[in-house]
Amino acid sequence: MHSDLSLHLHTDECNELISRLRQCHTEHSVRKFFGICNDIDRAMRNCLKKERLEKRERSKQHALEMKRKLKEGLKAEI
């Protein structure tokens, strides 16, 4: 299962893949069940995974920075 596919949540690269997948599903309403859109879906999931991992790393770095600032603030009080 993938995350929410709202366009405002993703990069332009992933938005292009999301649009292509939606178009493929619209154009091939029956053939989509036989894998006609699988390549686009796989590329979209890889793009979403890359976004998720980048966001997780940014969050981790932010948390470390905040922890460092908190420790510095406590040292200054003592």
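These are my notebook entries on a predicted model of a protein.

**Ground rules**

I'm working with a predicted model, so local features need pLDDT of at least 70 and side-chain atom pairs count only at pLDDT 80 or more, while totals for chains, interfaces and linings use all residues. Residues are numbered from 1 along each chain as its sequence is written, and side-chain values use heavy atoms, with hydrogens and water left out.

**Overall form**

I looked up the secondary structure and got 2 helices and 0 strands. Both kinds of element are DSSP runs numbered from the N terminus: helices are H or I with at least four residues, strands are E with at least two.

Next I checked the radius of gyration, which is taken over C-alpha atoms; the globule rule I held it against is 2.2 Å times the number of residues to the power 0.38. The value is 20 Å, well over the 12 Å that the rule gives for 78 residues, so the protein is more spread out than a compact globule. Along the principal axes, I have the C-alpha trace spanning about 70 × 20 × 15 Å.

**Surface, burial and charge**

I noted an accessible surface of about 6600 Å², with 54% of it belonging to carbon and sulfur atoms. Areas come from the Shrake-Rupley method with a 1.4 Å probe, and for residues only the protein chains shown count as cover.

For burial, I used under 20% relative accessible area as buried, over 50% as exposed, and partly exposed in between (1.4 Å probe, protein chains only). Buried residues come to 19% of the 78.

I also looked at charge: there are 18 positive and 13 negative side chains, with the centres of the two sets 6 Å apart. Lys and Arg count as positive, Asp and Glu as negative, and His and the chain ends are not counted. I placed each charge at NZ of Lys, CZ of Arg, CG of Asp or CD of Glu.

**The core**

A nonpolar core here is a set of buried Ala, Val, Leu, Ile, Met, Phe, Trp, Tyr and Cys residues joined through side-chain atoms within 4.5 Å. The largest one has 11 residues, among them Leu-5, Cys-14, Leu-17, Leu-21, Ile-40, Met-44 and Cys-47. I see α1 (12–27) and α2 (38–77) as the elements giving two or more residues to this core. The most comes from α1, with 5 residues.

Leu-21 is buried, at 5% relative accessible area. Leaving out neighbours within four places in sequence, Leu-21 is in contact (heavy atoms within 4.5 Å) with Cys-37, Ile-40, Asp-41 and Met-44. Its C-alpha lies 6.7 Å from that of Cys-37, 16 residues away along the chain.

Leu-17 is in helix α1 too, and counts as buried at 12% relative accessibility.

**The loop**

I finished on His-28, in the loop between α1 and α2. At 22% relative accessibility, His-28 counts as partly exposed. From His-28 to Asp-4 I have 24 residues in sequence and 22 Å in space, C-alpha to C-alpha.
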